[in-house]
Every structure is written in structure tokens, then in C-alpha cells.
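Please read the following briefing with the sequence and the 3D structure side by side. It goes from one residue to the surroundings of that residue, and then to the chain as a whole.

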Amino acid sequence: MCVVNCLVGLLLALLLFSMVKSKYTPDWPSLDSRPLPGWFDNVKIGIFIHWGVFSVPGFESEWFWRHWEDKELGYVTFMNINYKPGFSYAEFGPQFTAEFYEPEQWAEIFKASGAK
């Protein structure tokens, strides 16, 4: 069921993407021509949140899958201790529920820190 839903979602995304006309092309001169947001040069602290399926095992970094696929010892050991044999990265997907996603609270904390 998840595979079907994922494929349908991907097809819809591709369809929408093909319908959107971009003023940029996939090359450096085009990308470098885009203007920076007005606030960019005036802030001192910025915060970027990268939160995804890799957060479920909560081990090391967002490069979890790559390191595990490359059979790096620490990652393989972690998986062997904490997950059933044959567990796949895709099985983390249903466990990523964003249960603690509180963007308003995060925004308040970031603002109080001086971040823009």
C-alpha cells in the first residue's frame, strides 16, 4: 500500500513540476542569478532544520542510510542491536510521525535566540 501511495505521489509531483514554468535552469549561471532575500545580509544567526526519516533511528547524522548501506561498522552494529534482521530503511518511514513537530514553539525559541 505504501509503495502504491508513494508512486502516485511521485507521479503527481512530476506532473505538477512539469506544469510549472521556472525562470531558472539547472546550471550555475542561472542559479547564481537568483537574488538573495532582502534580510539575508542583515542577519547574524540563521537556523536550518533538517528533519526526516533518518531522525527515527536517531543515530549519528542525516547520512544514516548512506553509512548503513556502505556497511560502516558503527551503523551495522547499531542496526544489529536495535532492529530485527533484514530491517530496511523504508521501514523507518511509518515511524516518522512528526509527533513532536511544533513549528510555532520552535519559531519562538529561534526568535528569542536572535535568529532571523
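**Starting from Phe59**

Leaving aside its neighbours within four places in sequence, Phe59 touches Phe64, Gly74, Tyr75 and Phe78, where contact means heavy atoms within 4.5 Å. The model is predicted, so local features need pLDDT of at least 70 and side-chain atom pairs count only at pLDDT 80 or more, whereas totals for chains, interfaces and linings use all residues. Residues are numbered from 1 along each chain as its sequence is written, and side-chain values use heavy atoms, with hydrogens and water left out.

**The chain as a whole**

- The protein chain has five helices and zero strands, and its pattern along the sequence reads α-α-α-α-α; helices (H or I, at least four residues) and strands (E, at least two) are DSSP runs, numbered from the N terminus.
- Of the 116 residues in the protein chain, 12% are buried, a word that stands for under 20% relative accessible area, while exposed stands for over 50% and partly exposed for values in between (1.4 Å probe, protein chains only).
- The protein chain exposes about 10000 Å², of which carbon and sulfur atoms supply 64%; accessible areas come from the Shrake-Rupley method with a 1.4 Å probe, and for residues only the protein chains shown count as cover.
- When contacts between residues at least 6 apart in sequence are considered, 48% of them join residues at least 24 apart.

**The nonpolar core**

- The largest nonpolar core has ten residues in all, namely Phe54, Phe59, Phe64, Trp68, Tyr75, Phe78, Met79, Tyr83, Phe87 and Phe92; such a core is a set of buried Ala, Val, Leu, Ile, Met, Phe, Trp, Tyr and Cys residues joined through side-chain atoms within 4.5 Å.
- Helices H3 and H4 each supply at least two residues of this core, and the largest share, three residues, comes from H4.
- In soluble globular proteins, nonpolar side chains tend to be buried together.

**The two sides of helix H4**

- In helix H4 (residues 73-82), the buried residues are Tyr75, Phe78 and Met79.
- These residues lie on the same side of H4 because they cover an arc of only 95° around the axis, the arc being that of the directions from the helix axis to the C-beta atoms.
- An α-helix has 3.6 residues a turn, so residues three or four places apart point the same way.
- Helix H3 (64-69) is included in what covers the buried residues of H4, whereas the face turned away from the buried side carries the exposed residues Leu73, Asn80 and Ile81.

**Positive phi angles in two loops**

- Glu60, in the loop between helix H2 (28-32) and H3, has a phi near 70°, a positive value in a residue other than glycine, and Glu60 is exposed, with a relative accessible area of 64%.
- Ala98, in the loop between H4 and helix H5 (103-113), has a positive phi of about 55° although it is not a glycine, and Ala98 is partly exposed, with a relative accessible area of 29%.

- Gly114 is found in the segment after H5 and counts as partly exposed at 38% relative accessibility.
- The C-alpha atoms of Gly114 and Gly46 are separated by 8.8 Å, although the two residues are 68 residues apart along the chain.
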